Amino acid sequence: MSEKKLQVAALCNGTVIDHLPANRLFKAVRLLGLEDYDGQLTIGNNLESAAMQRKGIIKISDRFLSEEESNKLALIAPLARVNIIRNYEVAEKRELTLPSDISDIVRCPNPKCITNHQPVSTRFHVTDEDGTVMLRCHYCEKQTRREDAELK
């Protein structure tokens with residue numbers, strides 16, 4: 001009997017983002033600005049997962065996500081896991097936490113908001129209302145659910 005294995009090169013130094021929802025993988029790539037990354041980048045999507053059925057994974061060689069970048073991921077993939085790899089070993093495992101304010105990531109859903117007409121960075125205050133994470137625009141106070149937020 002032959003055993004099937006997914007073989008992806010081990011990462012010497014860098015960041016592994018695992019347990020991304022498959023439908024959020026490319027949003028994570030865009031959020032982290034990886035479209036033009038010059039280093040080695042491995043992206044896997046719709047991989048089998050016992051916990052999630054289907055998942056995505058990103059391996060970024062020789063780049064270490066800042067804590068702020070890791071927490072931005074919490075906006076689109078709160079259950080993702082971020083591992084910092086050094087010398088082929090997991091040096092750090094990061095818990096994702098959504099910051100209380102996020103800037104220049106999400107577009108305001110209010111078409112009349114100043115951020116949609118002037119060169120003003122968006123800024124949202126993050127709140128938890130009865131278990132639903134809400135984003136409230138700093139300028140027009142329009143609220144949107146995290147799941148409905150549109151990335152810039």
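1. A cavity, on a 1 Å grid over the protein atoms alone, is a set of points where a 1.4 Å probe fits but cannot get out, and its lining residues have an atom within 4 Å of a point. In this structure the largest cavity is lined by Arg24, Lys27, Leu75, Ile76, Arg146, Glu147, Ala149 and Leu151. That lining divides into four nonpolar, no polar and four charged residues, where Ala, Val, Leu, Ile, Met, Phe, Trp, Tyr, Cys and Pro count as nonpolar, Asp, Glu, Lys and Arg as charged, and the others, Gly among them, as polar. The space in the largest cavity is about 70 Å³, a volume being the space filled by probe spheres set on grid points that are joined across faces, edges and corners.

2. On provenance, this is a predicted model, in which local features need pLDDT of at least 70 and side-chain atom pairs count only at pLDDT 80 or more, while totals for chains, interfaces and linings use all residues. Residues are numbered from 1 along each chain as its sequence is written, and side-chain values use heavy atoms, with hydrogens and water left out.

3. The largest pocket holds about 160 Å³ of space, a pocket being an open set of points with protein on both sides within 12 Å along at least five of seven lines. Its lining is made up of Pro78, Leu79, Ala80, Arg81, Val82, Asn83, Lys93, Arg94, Glu95 and Leu96. The elements giving two or more residues to this lining are β4 (81-86) and β5, strands here being DSSP runs (E, at least two residues) numbered from the N terminus. The largest share, three residues, comes from β4, and by type the pocket lining divides into five nonpolar, one polar and four charged residues.

4. Beyond its neighbours within four places in sequence, Leu96 is in contact (heavy atoms within 4.5 Å) with Ser70, Asn71, Leu73, Ala74, Ala77, Pro78, Ala80 and Val82. Of these, Ala74 is 22 residues away in sequence, yet its C-alpha lies 5.5 Å from that of Leu96.

5. Thr115, in the loop between β7 (106-107) and β8 (123-129), is also buried, with a relative accessible area of 12%. Not counting residues up to four places away in sequence, Thr115 touches Cys108, Val120, Ser121, Thr122 and Tyr139.

Terms used. Helices (H or I, at least four residues) and strands (E, at least two) are DSSP runs, numbered from the N terminus. Buried means under 20% relative accessible area, exposed over 50%, partly exposed in between (1.4 Å probe, protein chains only).
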